[in-house]
Amino acid sequence: MKGFISEGSNLLLLRLLVKKGLPSGFQAISFDSDGNLCKSPYTSLASKSQTIGGEALLVTGIQREIESISDLPTTWHSHFDQFGHLTSRVQVGSPAIMRVTKIPEPIIEDEYTEKPTFSKQKLDWEEDVQLSSKYQDRKAELEDDHAMYVRHHPELNAILADFLQFLLLRKPEDTLNFAGEYFASFSSRAVDLGAYANSAAPTPFPMSRTNTIISINQKLNKKK
């Protein structure tokens, strides 16, 4: 039920409307005394002075009306102080009036200080003894770890040597794409799209299966 306001949430809504302001033509939906859904418009009341505990207090009022579809409309007048405390509530036409006998304590809102900002300081880790020492220790640790991994996987040298040799022979323009196609063939999840697609590109070097000397001699014999 979009726009429905229960009796419990109505009080919270009234306090919020007092502090934030009541929009013109504001209206909600609520139940009447017979449990029927009906319109419930809200209207601002003029501010007035209310005596509480012998002291005059300026209060702001809001009228809430329930337009029953089976009975006469029911109207309430509720007044609040500047902090949103309910000071009086009365149903129009009813002899009963609810009023507070003591001025509510004011609400002290927390003050939020702005978060301090610190300018970024230039960090020269090479001049800092502690940072330089940590860097050297971490560097030595990584070098030892990488060297151990290479020793445990001697196939790495063979794979990299083959790739470098193939790269220098083909000399592709797009080395990244060429490397991706080359190493994709080692993946079991890669889709077979024709490995080494770039290797078919023209190259200034003769193919290994072609003997250029024999080809030249054959051409000379044909001319004779």
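1. Basis. The model is predicted, so that local features need pLDDT of at least 70 and side-chain atom pairs count only at pLDDT 80 or more, while totals for chains, interfaces and linings use all residues. Residues are numbered from 1 along each chain as its sequence is written, and side-chain values use heavy atoms, with hydrogens and water left out.

2. Overall make-up. The protein has five helices and six strands, in the order α-β-β-β-β-β-β-α-α-α-α along the sequence; helices (H or I, at least four residues) and strands (E, at least two) are DSSP runs numbered from the N terminus. Of its 224 residues, 19% count as buried, where buried means under 20% relative accessible area, exposed over 50% and partly exposed in between, with a 1.4 Å probe and protein chains only.

3. Strand pairing. Strand S2 (residues 37-52) and strand S3 (residues 55-66) pair in the antiparallel sense over nine bridges, pairing being assigned if DSSP finds at least two bridges between two strands. Threonine 51 stands opposite alanine 56 in S3, and the hairpin of S2 and S3 has two residues between the strands, with glycine 53 in the turn showing a positive phi of about 60°. On strand S4 (residues 74-80), S3 is joined antiparallel through seven bridges, and here threonine 60 faces phenylalanine 80.

4. A buried serine. Serine 88 is placed in strand S5 (residues 86-91) and counts as buried because its relative accessibility is 7%. Leaving aside neighbours within four places in sequence, serine 88 is in contact (heavy atoms within 4.5 Å) with Gln50, His77, Ser78, His79, Met98 and Arg99.

5. Surface. Leucine 131 lies in helix H2 (residues 129-152) and, because its relative accessibility is 30%, counts as partly exposed. Leu123, Trp125, Leu131 and Tyr135 form a nonpolar surface patch with about 380 Å² of accessible area together. Patches take residues with over 30% relative accessible area and no salt bridge, joining like charges within 9 Å and nonpolar side chains (Val, Leu, Ile, Met, Phe, Trp, Tyr) within 5 Å; a salt bridge is a side-chain nitrogen of Lys or Arg within 4 Å of a carboxyl oxygen of Asp or Glu. Accessible areas come from the Shrake-Rupley method with a 1.4 Å probe, and for residues only the protein chains shown count as cover.
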